[in-house]
Each structure stands twice: as structure tokens, then as C-alpha cells.
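Take a walk through this model with the coordinates open.

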Amino acid sequence: MVQGMWLDEVWQITDKIKRPIKSFSVKSAVKTKEDNEETKVTGNELETVTLTFSTSLADGGNPKKEYDELTKKVGQADTLCIGDDAIGSDVVMLKSVRISSQFVDNNGVVIFAEIECQFVEVDMPGSDSKMIVKIDGKDVTKDLSIERAILEEYSEGHADILEMRFSDPYGQWAKWAESGELRGLNMSVQEGDVKSGVLFVHSVQPKDTTFVLRAMSVPPDVFRETSKSWESATLEMIAEEIAGAHALKFKKYSTQGITRDYVRQDTENDFEFLQSRCKLEGASFLVYDGTLVLYDEKSMESESPTLSLNIDSNYINFTPDENESAMIKTMIVQNGEFTGNYTDDNVKGDSEKTIRISETVSDEAGMTTIAQAYCREANKNCRSAVIDCALQGKVAAGSVIELETETRPTFKGAVFVSSLRHNFVTNKTRLTVRKTLAY
């Protein structure tokens, strides 16, 4: 599990190394000045971020070496991510490093340490971004001064998300935010080949002297909890009905068309419910440009690569996260009456997992199909990687690309693009990819 990343530093917990984040904090304030005995806010102070992590020889680390390497990076800047979110500014600089506590053995070797890193927001006078922002078809780019703009695109079971932070030089956004008239409106962003497609405004909230806008590729009402039932329904029928209920177009790609006698949605939002249905059939869905696309994962992963990336080149940072020990060899699924089994012959060892489901299935063959789908779900992300590169608009979430490399032989060849994170201020893209499965 990766907890955080900055440059090539990765704080994670795996079966090989434990380098967990113990704490982090963000400190921010506003600039003020006294004017005729009145305090006025003039802007934001630079944010500072403090992160402390632990490392030890017993858990695969090397405290002394890690500290020395970090001190060499003081003055360097990059995006700091905790989980899936950027912490502080889009770009933070490592200001200082210190060992807050340590244990040393009788030979003077540091066997355990907690290392504190302090970052400071980079004071960027502005972005050379040439992005175009439209709301309800109107170009509003000139009406905002963008400080942060992140577009996250997902290939499976998650709406695309845009988050922007900007100042409001003409006071227009304050009026719109107060009235609430922006919620649900269509918007889009574009820079070069990177195009968001249609997004829907979910919120515009004030933050200090700026505003934070959040938009998604689905309308706000998609997250309302719903209860409903179907008889003799296929996944395609359910997905198309959900798309239509939210004014989305619908497309399907190579899904199996299995008919279920009875399906029940019980106080779930439509996205959560649809994703749980997809897991039963090795399928998934994405929403882009006003269209819900339902697809069979195996078929999509067997597509020809759309382009090649050389991950040995200097402008690409490649961080693998291989956890093959967590892969399941044999998946067993039971529903009380029938049992289904599926074995992934490419998994080493003899790991086994049993899942009990309430799904009504009429025979063993149907349970075997579900067992295969659950095995895929358990194993598909165990061989993944993160790739940082220049702003990349020719790669789409849900596509297959070819990785060219001599230094990472296990990742050479086709990989499936799980998600992309475009940073329009730093002009960088972070891709998350996974090795394709044969089933």
C-alpha cells in the first residue's frame, strides 16, 4: 500500500518494506495589513507541510542512507501526494530534513529512525498554462486566475474529477457561488490534447481569498441512494437504464449479456450498485463526455496498444508497486446451494480465498463465472505502477499502452491505464497502469 509520494520518494507498506507515514500536517494563513486601523486580507501565506515517517533495518529500510539521500534533495520541488490527493500546493519544495528520534545498536549503526521532512509551497507567480475553461458553453478563462487545476480520469467505477482553485478578480464567482446557480451546469477544460469532455459542476466553495471548484463527469443526482428491483435483467439493461436516468448516453463493449433472474438495488447510489454488479461478470464502466461506457475488462485489456512510452527516458519517473504475494491462486465462491471455483495458473504458491454471496445463480457454471470475475478483481491491481511524465493527452483511461524498458523487464510490454492525473499548472501527468490479465 502506497501512502505517499514526492519525487522518487515513496512512503509505503508492503511485504518487502515498511516505510509508513507517522504524521503530517499542513499550516496555512492569510496575509494581512493594517490600513487606517483596519485589518485587511491581502492574500495567502505560503503553505508549509510537515511529514514524519519511520524506517528501520528490520523492515527493509536503511535509516542512515535514507536520511542522507533526503538531505541531498533539499531545495528540490514536486507534487506531494498523500493517498490520491495533493497535499498543500501543487508544487512544494523540501525545505529541511531532521531525525526526530532514532535507535542505535552497540556498533553505532542506526537501526530505527523517525525522519521529519518540512516542505514549503513554491511561490509561483503564475502558470504558463494555456488551458481553456468553459461553463455552459461560454469561455470563462479570462474571469479567473488559476492557482490549482487537477483533472483525474478513471477507467473503472469512478467518475472523472476536476478540482480547481482560483482567485476571483472581478467578483463574479462570489455572486455565482452564493446563488448556487452553477451547480449541475456543464463545463469543460482543455489544454492541448488533454480534453476533459463534458463535466458537471458539483460545488464552488470559498477558501480564504480564493474559490475551489469541484466538477465530475456525472451529474450531482447520481449519488442519491435508490432502491429498485429487476427480473430477468442483464448487466447491459441495468447499466443502460442507469445512464438514461441521469441523462447520459450509453455504449457497451464485449460484455457477456448474462441474464439474472432477480436483481435488487437496496439503498445504494447508482454508481456503487452498478460497480458491484460489474464485479460479478469481470466487467467495469467509465463515464466520459456524457457517455457511460460498459465494457468487459478482459476484452478491453486485449486491445492493441494505442502508443508506446519509454520509461527509461530521463523525463519519466517510474514507480512500480508489485505485490504478487497478495495474489489469489484459487477463488471459491459459494451461495449456499452452489459452489464455483477458479484457479489462476500464473499465480505462484497455493493461496486460496472463499467468498459467500447472496446472488441467485441457477447452476455451478454460473458460479464458476462469478469465481473467475472475483479472482480477476482480487489480482488485477497486484502488479501496478505509477508513471510521471510531461502533460500527456494522447493516453486515455481504459486504454492499453506499450512500455519500452530494459531496466524494468517485468513491466515491458502491454499495460492497462487505470487512471490519469493531469496537473495543468505544472504541466505534468501521472499515469497509474497495471499489467494485463489473460482471463
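Which residues of helix H3 (residues 235-245) are buried? The model in which we look for them is a predicted one. The buried set consists of Leu 235, Glu 236, Ile 238, Ala 239, Ile 242 and Ala 243. Now look down the helix axis. These residues cover an arc of only 165 degrees around it, so they sit on the same side of H3. Gly 244 and Ala 245 are exposed, on the other side of H3. What lies over the buried residues? The cover includes strand E20 (225-234), strand E21 (249-253) and strand E22 (259-269). Helix H4 (270-279), strand E23 (283-288) and strand E24 (291-296) also belong to the cover. Past the end of H3 comes Ala 247, whose phi is positive, near 60 degrees.

Next, the salt bridges. The structure holds 23 of them. One of these joins Glu 66 to Arg 19, with the closest N and O atoms 2.7 Å apart. Glu 66 belongs to helix H1 (residues 63-72), while Arg 19 lies in the loop between strand E2 (9-12) and strand E3 (21-27), so the bridge ties together parts that are 47 residues apart in sequence. Are the two partners buried or exposed? Glu 66 counts as buried because its relative accessibility is 13%, under the 20% limit. Arg 19 is buried too, because its relative accessible area is 7%.

Stay with Arg 19. Which residues does Arg 19 contact, leaving aside its neighbours within four places in sequence? They are Gln 3, Glu 9, Val 10, Trp 11, Gln 12, Phe 53, Ser 54 and Glu 66. The side chain of Glu 9 makes a polar contact with the side chain of Arg 19 at 2.8 Å. The backbone oxygen of Val 10 lies 3.1 Å from a polar atom of the Arg 19 side chain. Gly 61 is another residue to check against Arg 19. The C-alpha atoms of Arg 19 and Gly 61 are 7.2 Å apart in space, although 42 residues separate them in sequence.

Arg 165 forms a salt bridge with Glu 147, and their closest N and O atoms are 3.5 Å apart. This pair links distant parts of the chain: Arg 165 is in strand E15 (residues 161-167), Glu 147 is in strand E14 (residues 145-154), and they are 18 residues apart. How do the ends differ in exposure? Arg 165 has a relative accessible area of 11% and is buried. Glu 147 has 34% and is partly exposed.

A further strand-to-strand pair is Arg 430 with Asp 388. Their salt bridge has its closest N and O atoms 2.6 Å apart. Here, too, distant parts of the chain are linked: Arg 430 is in strand E33 (residues 428-435) and Asp 388 in strand E30 (residues 383-390), 42 residues apart. Arg 430 is buried, with a relative accessible area of 13%. Asp 388 also counts as buried, at 14% relative accessibility.

Which residues are linked in a network of salt bridges? The network is made up of Glu 156, Glu 297, Glu 301, Arg 376, Glu 377, Lys 380 and Arg 434.

Terms used. Residues numbered from 1 in each chain as written. Predicted model: local features only at pLDDT ≥ 70, side-chain atom pairs only at ≥ 80, totals over all residues. Heavy atoms only, no water. Salt bridge = Lys/Arg side-chain N within 4 Å of Asp/Glu carboxyl O. Helix = DSSP H or I, 4+ residues; strand = E, 2+ residues; numbered from the N terminus. Buried < 20%, exposed > 50% of the residue type's maximum accessible area, 1.4 Å probe, protein only. Contact = heavy atoms within 4.5 Å. Polar contact = N/O pair within 3.5 Å; in protein donor to acceptor, adjacent residues only side chain to side chain. Arc of directions from axis to C-beta.
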